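Hello,

Here is the structure I promised to pass on to you.

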Amino acid sequence: MTFAAFKALHQRRQTAYLARHGHRLAERQEDAFDLTLFAVGDFYAETWRSRGEEAVLFIHVFQKPAGLGDYLKLVRLPQGL
């Protein structure tokens with residue numbers, strides 16, 4: 001699916017598409033929210049949920065690697081690399 005086609009979907013359909021086709025890359029917490037980062041085709045999608053809740057409040061969709069900055073500090077490479 002293309003970036004534009006995904007953005008045109010209703011949020012419920014975006015959530016379903018991520019569950020079925022997205023590649024979960026990372027999770028983090030910010031304030032009272034649980035965030036999950038997905039890779040989809042040539043873009044990324046970040047879901048925002050209230051901590052401990054299942055319902056998605058917001059989906060941030062982006063293509064630029066700069067959007068990955070908050071996740072990069074979570075990456076731990078094995079020693080010796």
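This is a predicted model: local features need pLDDT of at least 70, side-chain atom pairs count only at pLDDT 80 or more; totals for chains, interfaces and linings use all residues.

Residues are numbered from 1 along each chain as its sequence is written, and side-chain values use heavy atoms, with hydrogens and water left out.

Back to Arg-28. This residue is found in strand 1 (residues 23–30); helices (H or I, at least four residues) and strands (E, at least two) are DSSP runs, numbered from the N terminus. Arg-28 counts as buried because its relative accessibility is 14%, where buried means under 20% relative accessible area, exposed over 50%, and partly exposed in between (1.4 Å probe, protein chains only). The charged end of Arg-28 also sits over the ring of Tyr-71, 4.9 Å from its centre (the rule: NZ of Lys or CZ of Arg within 6 Å of the ring centre and within 35 degrees of the ring normal). Leaving aside neighbours within four places in sequence, Arg-28 has contacts (heavy atoms within 4.5 Å) that include Phe-33, Glu-46 and Leu-74.

Now for the aromatic rings. How many aromatic pairs does a search of the whole structure find? There are 5, counting rings of Phe, Tyr and Trp (its six-membered ring) whose centres lie within 6.5 Å, with planes under 30 degrees apart called stacked, over 60 edge-to-face and the rest tilted. One of them is Phe-3 with Phe-43, edge-to-face at 5.8 Å centre to centre and 70 degrees between the planes. Phe-3 lies in helix 1 (residues 3–8) and Phe-43 in strand 3 (residues 43–50), so this pair ties together parts that are 40 residues apart in sequence. Phe-3 is partly exposed at 21% relative accessibility, whereas Phe-43 is buried at 1%.

Phe-33 and Trp-48 make another edge-to-face pair, with 5.5 Å between centres and 65 degrees between planes. Because Phe-33 belongs to strand 2 (residues 33–40) and Trp-48 to strand 3, the pair links parts 15 residues apart in sequence.

Finally, Phe-3, Phe-6, Tyr-17 and Phe-43 form one aromatic cluster.

Best wishes
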